Amino acid sequence: MVVVIVLPGRRSDARRLADDLRAIDVSIEPRIWPEAGDPEEVEAVVAWKHPPGLLREFPRLRLVLSFGAGVEHLLADPGLPPGIPLVRTVEPGLLSGMAEYVVSAVAQHRRHWEAYREDQRAARWNPRNYELSHTVLLLGMGRLGRSVARALKAAGLSVEGWNRTGGSADGVPCRSGRDALLDAASRADAVVCLLPLTGETENILDRDLFGVMKEGSLLVNVGRGAHLVENDLIEALGRNRPAHAVLDVFRKEPLPGDHPFWSHPSITVTPHVAALTDPGGAAERIAENLRRLRSGEELLDRVDRERGY
Ligand code: NDP
Ligand code: OXD
């Protein structure tokens, strides 16, 4: 089965993925774009930030796989063939990486690391208190949200969830709807966005949400840049609600050099690295999905195109 790997700017990840796919299953023939060979032979494409329209070049495509958890880049492409399955790749490294990032962001804020760095520069011995109880509200309780929730609970923190369908996920109580979001945010010490970007979730981190957040609280956005209304955040930081924002994703990436977030004293910027797909772990999941495609079994992490995630 011919699979084209389209990872522009990530040649070494593409090579590693191709080698691992071949090692797992000799019937898989990976080709690294732009060397795709005869387009008629291509049955599957693994893509991340592919050139829009590219998928139209493969008339016999049976499966499109995102080389990551997000799929808005593929859903936004009018060249995505209708009627064929789209799957995400959520591998163990992505789950543990996200859990580590969020626990670290929450812990550094709660335990005043930033202030201690300043104290150290001034040779100032200044112990600060911290509350034992600390509640983190997770927006999005999917594959990544549940992994983060487990790690936060293991660190002794309380976790509440907010999702589309309500109920509970892995023992974490979840609520849904706008009123529940504002109510939960008003009681949380940290709000973490781990939502997919859809028409319903765009601009969800806005002045209404910040308006109810606790003084001194933390915002972490690891979902997508378009979840955040940037000017609303800058105003809200001026009111100390939230007191700090850790941002990993941005409307425009790379974040332009003159963007005010870079120099804002209450914003920590990281360059979309909260969780990185490990090509080795991805190869296992991708090979399994290709096997399932061939045998007509249910695919892993299949996207519901209507729902948008
Ligand atoms: P999943 O599809 O597994 O989970 C999505 C969650 O969001 C579900 O809990 C879902 O609710 C909830 N949700 C979706 N729409 C709404 C809505 N309108 N209102 C409330 N809740 C909603 O996604 P993952 O956990 O795998 O990934 C989440 C996102 O994380 C990705 O889409 C990507 O944007 C981002 N990401 C960022 C990375 C980074 O490095 N910064 C790395 C990887 C991913 P329900 O459970 O009810 O269906
Ligand atoms: C992803 C990402 O969605 O890296 O996997 O953001």
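Predicted model: local features only at pLDDT ≥ 70, side-chain atom pairs only at ≥ 80, totals over all residues.
Analyst: Start with overall size. A compact globule of 309 residues would have a radius of gyration near 19 Å; the protein has 21 Å, which agrees. Along its principal axes, the C-alpha trace spans about 65 × 45 × 35 Å.

User: How many helices and strands does the protein have?

Analyst: Nine helices and 13 strands make up its secondary structure.

User: What share of the residues counts as buried?

Analyst: Of the 309 residues, 52% do. Look at contacts too. Take those with a separation of 6 or more: residues 24 or more positions apart account for 60% of them.

User: How do I read two packed helices?

Analyst: Two values describe such a pair: the angle between the axes and the distance between them. Now the case here. Helix H1 covers residues 11-24, and helix H9 covers residues 279-295. Their axes come within 9 Å and cross at roughly 45°.

User: Which word describes how H1 and H9 lie to each other?

Analyst: Oblique. An angle under 35 degrees would count as roughly parallel, and 65 to 115 as roughly perpendicular. The crossing is at roughly 45°, so H1 and H9 are oblique to each other. The crossing of H1 past H9 is right-handed.

User: Which residues make the contact?

Analyst: From H1, Asp13, Arg16, Leu17, Asp20, Leu21 and Ile24 take part. H9 contributes Pro279, Gly280, Ala282, Ala283, Glu284, Ile286 and Ala287.

User: What classes do the residues in the contact of H1 with H9 belong to?

Analyst: Eight are nonpolar, one is polar and four are charged.

Definitions and conventions:
Residues numbered from 1 in each chain as written. Chains lettered and ligands numbered in written order. Heavy atoms only, no water. Axes fitted to C-alpha atoms, helices over the stretch in contact; angles between N-to-C directions. Helix = DSSP H or I, 4+ residues; strand = E, 2+ residues; numbered from the N terminus. Parallel < 35°, antiparallel > 145°, perpendicular 65-115°, else oblique. Left-handed = near helix turned anticlockwise from the far one by under 90°. Contact = heavy atoms within 4.5 Å. Nonpolar A, V, L, I, M, F, W, Y, C, P; charged D, E, K, R; others polar. Rg over C-alpha atoms; globule rule 2.2 N^0.38 Å. Buried < 20%, exposed > 50% of the residue type's maximum accessible area, 1.4 Å probe, protein only.
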